[in-house]
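Please find below a colleague's note on the model under review.

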Amino acid sequence: MQIKKAFVIGMFVGMVIMFGVYLGLSPIRARMLWGGNLPPEAKILEIYSILTNHSIVPFDRDSLLNGMYRGLLEGVGDPYTYYFNREALAVFMERTDGTYTGIGLGVTVDPEDNLITAVNVFAGSPAEEAGLLPGDKILEVDGVNVTDKRTEEVTALIKGPPDTQVRLRMLRGNDPFNIIITRRQINVPTVAHRMLDNNIGYLHISSFDRITYQQFVEAYLELRNQGMQGMIIDLRNNPGGLLDTVVDIGNLMLPEGPILHVENSQGERTSHMSEDNRRIDMPLVVLVNNNSASASEVLTGAVRDYGVGTIVGQQTFGKGVVQTLYLLSDGSAVKLTIARYYSPKGISIHGEGITPDYVVEVDRETAIMSIRLPLEEDVQLQKAIEIMLGKI
């Protein structure tokens, strides 16, 4: 009985294999069988068979498959939906943790030329020591052209084991240059702070990572102990980050009520709430620009809706959608846009951004360099101070 069962199973498997070979050897027969509309799985196998048997161009199977997965998600037409292989996923998770091995460069995509562009060069980092500046653009990493790659792919190439070197080809203005930088452990300083004249506290938040809330609280307490009478929060060039982190920070300065509303694909809404334990209650100004996006706009929109602060700078980026990671069984992941978010008053900023109460325009180069500008050249910060002096 067991022998007969094994024979039947073997015969069935053999028929399936022969059927696959039959289709692979005869695309015409396959088209006849499926009426000219191949199932996606069969079409992929057919293409792979042709490529394997006839292409004179050598290719790497893993690279081919990764490209296919990326292409599948690019077909959605959403710039925030994409595929992470295992390496890129590890880099992404490290970046949100706030600690990684690399060179200390915060980057984003310049919408004018689609090049990966430095927006933050962390103090004391290998990137700063090597002389890199905000606005520098990355052309190659270790000889690999990255002008058509996503941010996560480029940062994955730059990061690596400590005490190893990475070769970069950069573009500053119209001048390309090459540089070699040695990687080391980076603890991302997502919050920088200092006391300005007239007891005005200044806090710059570069991104909303897991470590940002604690860094923000420590910076606030230090400034408060120094006699801070008013607070300027600088969100310029902050591309966003973790929703939970910005909600926690918002909970410190917003009255009881919603910080934002999130609406999923079924139209169901949930609200992230601020509790009635407001710990920061002082005059507030928020600085933003065209690179302030996502979580930055969550905080800015809530401050605007509740009227607890004044917004200064330029129109924000306009990213009002929420992404989440779905882990796949092989250790890779897909990142999907799953919801829209709305401000406490129910306003969507997606594709629109937030218009400041006081608009202070600067050119793009000045905007990218804002964190490094001396006060006498930073007209947006000067305006924030002027407004603050009228509040305290």
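The points below treat the basis of the model, its overall features and then selected elements.

1. Basis. The model is predicted, with local features requiring pLDDT of at least 70 and side-chain atom pairs counting only at pLDDT 80 or more, whereas totals for chains, interfaces and linings use all residues. Residues are numbered from 1 along each chain as its sequence is written, and side-chain values use heavy atoms, with hydrogens and water left out.

2. Overall features. The chain contains 12 helices and 19 strands; these are DSSP runs numbered from the N terminus, helices being H or I of at least four residues and strands E of at least two. The C-alpha trace spans about 90 × 50 × 40 Å along its principal axes. Of the 392 residues, 43% are buried (under 20% relative accessible area, with a 1.4 Å probe and protein chains only).

3. Contacts and surface. Taking contacts (heavy atoms within 4.5 Å) between residues at least 6 apart in sequence, 66% join residues at least 24 apart. The accessible surface, from the Shrake-Rupley method with a 1.4 Å probe, is about 20400 Å², and carbon and sulfur atoms account for 54% of this surface.

4. Charge. There are 34 positive and 47 negative side chains, where Lys and Arg count as positive, Asp and Glu as negative, and His and the chain ends are not counted. The centres of the two sets lie 7 Å apart, each charge being placed at NZ of Lys, CZ of Arg, CG of Asp or CD of Glu.

5. Strand S5 and its partners. In strand S5 (residues 137-141), 4 of the 5 residues are buried, so the strand is largely enclosed by the rest of the structure. Pairing here requires at least two DSSP bridges between two strands. S5 pairs in the antiparallel sense with strand S4 (residues 116-121) over 2 bridges, and Ile116 stands opposite Ile138. S5 also runs antiparallel to strand S7 (residues 165-172), joined by 4 bridges, with Glu140 opposite Arg169.

6. The hairpin of S5 and S6. Strand S6 (residues 144-145) is joined to S5 by 2 bridges, again antiparallel, and Val141 stands opposite Val144. The hairpin has 2 residues between its strands, and Asp142 in the turn has a positive phi of about 50°.

7. The open sheet. Six strands form an open sheet with mixed pairing in the order S10-S11-S12-S15-S16-S19. Its edge strands are S10 (191-196) and S19 (358-359), each pairing on one side only. Within this order, S15 (residues 284-288) and S16 (residues 310-313) run parallel and are joined by 4 bridges, with Val285 opposite Thr310.

8. Helix H7. This helix (residues 151-158) is mostly covered, 6 of its 8 residues being buried. The buried residues are Thr151, Glu152, Glu153, Val154, Thr155 and Ile158.

9. Aromatic pairs. The whole structure has 4 aromatic pairs, defined by ring centres of Phe, Tyr or Trp (its six-membered ring) within 6.5 Å; planes under 30 degrees apart count as stacked, over 60 as edge-to-face and the rest as tilted. Phe84 and Phe92 form a tilted pair, 5.1 Å centre to centre with 40° between the planes.

Key: Buried < 20%, exposed > 50% of the residue type's maximum accessible area, 1.4 Å probe, protein only.
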